[in-house]
Amino acid sequence: IAHFAAENIPLELVTAIDISESMTSAIAEVRASVKRFLSALRVADRVTLVAFNENVFVVGPPALSLPARLDAVDQLMPWGATALHDVIVRSFELVGQQAGRRGLVVFTDGDDTASRTSREAVERRAESSDALMYLIGQGRAIESPVLRGLCERLAVKSGGRAFFPRQAGEVGGAFEAILEELSNQYFLTYVPPSAVHDDTWHRIRVEVPGTR
């Protein structure tokens, strides 16, 4: 083991909001859910607020105050197609520039119609990043098995999870679970036994004395 850290350091997050036309019927609930999530973060946590349709917009840099962030969410209106894969890759790039416990929280219906990035490329990017990705399925993702499956697959590839809340109480539970997981992480690095870079995945087993 080369390094181990368990400090309760601030979170570095990217929150991405789907504002494509397919979200029209769900946009009011999405805005409310995003504002609830942002309000639950600690003052020290840093969050980059992103909106996307076929394009990706940074609507709230980390230095923005909470009231300004909430106001930016209120201004979001649905239009255009959906480039979910593109925004996920872009969000990994944004959060990758920060140091600390990193995560992505994406609010979407999961229906990608305009990405230039393939799903396979997104999955490879998710696997290679140490940022966890959580998808909050909204709109059609709640009812569609296909869209639910897509959200779950993408989230799991990063080590995160997908949630499909139907009611306000379920939204709060999802947020609590996400913040709990992100706030209770250990950072561990190790030196591999071989210097050979073979571009393959390797299984790692971590044993803690006194536990089963």
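## A first look around the structure

In helix H4, which spans residues 119–128, the buried residues are Val122, Glu123 and Ala126. "Buried" here is under 20% relative accessible area, "exposed" is over 50%, and "partly exposed" is in between, using a 1.4 Å probe and protein chains only. Looking down the axis of H4, you find these buried residues within an arc of 100 degrees, so they line one face of the helix. That arc is taken from the directions from the helix axis to the C-beta atoms. Among the parts covering them are H3 and helix H5 (145–158), where contact means heavy atoms within 4.5 Å.

Before going on, keep in mind that this is a predicted model: local features need pLDDT of at least 70 and side-chain atom pairs count only at pLDDT 80 or more, while totals for chains, interfaces and linings use all residues. Residues are numbered from 1 along each chain as its sequence is written, and side-chain values use heavy atoms, with hydrogens and water left out. Helices (H or I, at least four residues) and strands (E, at least two) are DSSP runs, numbered from the N terminus.

Now for the sheet. It is an open one of six strands, in the order S4-S3-S2-S5-S6-S7, with mixed pairing. S4 and strand S7 (162–163) sit at the edges with a single partner strand each, so one side of each has no neighbour in the sheet. Two strands count as paired if DSSP finds at least two bridges between them.

| Strands | Sense | Bridges |
|---|---|---|
| S2 and S5 (residues 101–108) | parallel | seven |
| S2 and S3 | parallel | seven |
| S3 and S4 | antiparallel | four |

Glu12 stands opposite Arg102 in S5, while Ile17 faces Ala51 in S3 and Asp18 stands opposite Phe52 in S3. Between S2 and S3 the chain passes through H1, making a right-handed β-α-β crossover; right-handed means that, with the strands pointing away from the viewer, the path from the first strand over the helix to the second runs clockwise. S3 then joins S4 by a hairpin of three residues, and Leu49 has Gly60 in S4 as its bridge partner.

How buried is S2? Eight of its eight residues are buried, so the strand is largely enclosed by the rest of the structure. One side carries Leu11, Leu13, Thr15 and Ile17, the other Glu12, Val14, Ala16 and Asp18, and both faces are covered.

Helix H2 (residues 66–74) has Arg69, Leu70, Ala72 and Val73 as its buried residues. Down the helix axis they fall within an arc of 155 degrees, so they line one face of H2. They pack against strand S2 (11–18), helix H1 (27–40), strand S3 (46–52) and strand S4 (56–60).

Finally, the rings. The structure has four aromatic pairs, meaning rings of Phe, Tyr and Trp (its six-membered ring) with centres within 6.5 Å; planes under 30 degrees apart are stacked, over 60 edge-to-face, and the rest tilted. Phe57 and Trp79 have ring centres 6.2 Å apart and planes at 50 degrees, so their pair is tilted. Phe57 belongs to S4 and Trp79 to the loop between H2 and helix H3 (84–95), so the pair ties together parts 22 residues apart in sequence. Phe57 is partly exposed at 29% relative accessibility, and Trp79 is partly exposed at 41%. Elsewhere, ring pairs link Phe37, Phe107 and Phe175 into a cluster.
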